[in-house]
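Here are my comments on the model, point by point. Please read them with the structure open.

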Amino acid sequence: RCRLVAAALGGGVRWVLFSGGGAHGRHKGSVAVAQRHRSGAILNHPDIPLDEQEKEEEPEGPTPPHAIVTTHRLHGLSNILELWRDRIHTVLPEAKLTVYSAVLTKGLADDEVPEAIGPVLDLVKSCAEVNVEVSAPNGDRAMADAYRQSRVHLYPGHAKDYVCWTLRDSQAAGVPAVTRSLGGVEDVVENGTTGFIVPDDD
């Protein structure tokens, strides 16, 4: 998994899948595949004329590699944080990991949170020195922007999660995922094409 994450953080061309019936090509509906360049331009959306499609501004200089995590704080987040600290940050010390979590945001602000998240909250705090930050989830448009500004979505998955909403969102935004084969992941990610489904926690 760490090698795949490092490779994804290295950059490259993204592919965006638009579907009238869902984010994945297996869903029914009109489907168009668009190439998303490093400039951030999204081309050939099936429902928007080309001259009206939004194009993001070119960054003034190279930006640090950025990964994103959206998962329940007790569903594999600790494993991702440990991998980031021990094996990914050592290879890419400039890379940044953003964890989107409402309850962890509250915990970092010293608000009252469930006792069960104490260990993962402590781990998050200790990972600040390896470029891990926590942000509160935003609305759909803001989260779409957050996905597009990331090079990889780290999604641990869970055996009882068959919907994988945020994974579907990031796939629709053209962000490759590194994930485990749990729950409904295989219905969302096309292994080797839109992301990588890893065989184990390592």
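1. A term to begin with: a residue counts as buried when its relative accessible area is under 20%, and as exposed when that area is over 50%. The model is predicted. With that cut-off, look at strand β3. H66, I68 and T70 point one way from β3, A67 and V69 point the other way, and all are buried.

2. Now the overall layout. The protein chain has 6 helices and 8 strands. Along the sequence they follow the pattern α-β-β-β-α-β-α-α-β-α-β-α-β-β. Of the 202 residues, 41% count as buried. The accessible surface is about 10800 Å², and carbon and sulfur atoms hold 50% of that. Among contacts with a separation of 6 or more, 58% join residues 24 or more positions apart.

3. In what order do the strands of the open sheet run? The order is β5-β4-β3-β6-β7-β8, and the pairing is parallel. β5 (132-135) and β8 (195-198) are the edge strands, each pairing on one side only. From one strand to the next, the twist averages 25 degrees.

4. β3 (residues 66-70) and β4 (residues 96-100) pair in the parallel sense over 5 bridges. H66 has K96 as its bridge partner in β4. For A67, the bridge partner in β4 is L97.

5. Two helices to check against the sheet. Helix α2 (residues 77-88) packs on it, touching β3, β4, β5 and β6 (152-155). The direction of α2 makes about 170 degrees with that of β4. Helix α5 (residues 140-148) also packs on the sheet and touches β3, β4 and β6. Its direction makes about 135 degrees with that of β3.

6. Which residues of α2 are buried? They are L77, I80, L81, L83, W84 and I88. Seen down the axis of α2, these residues fall within an arc of 160 degrees, so they line one face of the helix. As background, an α-helix has 3.6 residues a turn, so residues three or four places apart point the same way.

7. The largest nonpolar core has 25 residues. L81, W84, L97, V99, L104, V132 and L154 touch the most other members. At least two residues each come from β3, α2, β4, α3 (102-108), α4 (118-126) and β6. The largest share, 5 residues, comes from α2. Leaving out residues up to four places away in sequence, L97 touches A67, I68, V69, I80, L81, W84, N131, V132, E133 and L154. A second, separate core has 8 residues, including Y155, V185, V189 and I197.

8. Last, two backbone angles to inspect. Most residues other than glycine have a negative phi. D110 has phi near 65 degrees, a positive value. C164 has phi near 55 degrees, also positive. Are these two residues buried or exposed? D110, in the loop between α3 and α4, is exposed, with a relative accessible area of 67%. C164, in the loop between β6 and α6 (165-172), counts as buried at 1% relative accessibility.

Terms used: Residues are numbered from 1 along each chain as its sequence is written. This is a predicted model: local features need pLDDT of at least 70, side-chain atom pairs count only at pLDDT 80 or more; totals for chains, interfaces and linings use all residues. Side-chain values use heavy atoms; hydrogens and water are left out. Two strands pair if DSSP finds at least two bridges between them. Helices (H or I, at least four residues) and strands (E, at least two) are DSSP runs, numbered from the N terminus. Axes are lines fitted to C-alpha atoms, for helices over the stretch in contact, and angles run from 0 to 180 degrees between N-to-C directions. Contact means heavy atoms within 4.5 Å. A nonpolar core is a set of buried Ala, Val, Leu, Ile, Met, Phe, Trp, Tyr and Cys residues joined through side-chain atoms within 4.5 Å. Buried means under 20% relative accessible area, exposed over 50%, partly exposed in between (1.4 Å probe, protein chains only). Accessible areas come from the Shrake-Rupley method with a 1.4 Å probe; for residues, only the protein chains shown count as cover. The arc is that of the directions from the helix axis to the C-beta atoms.
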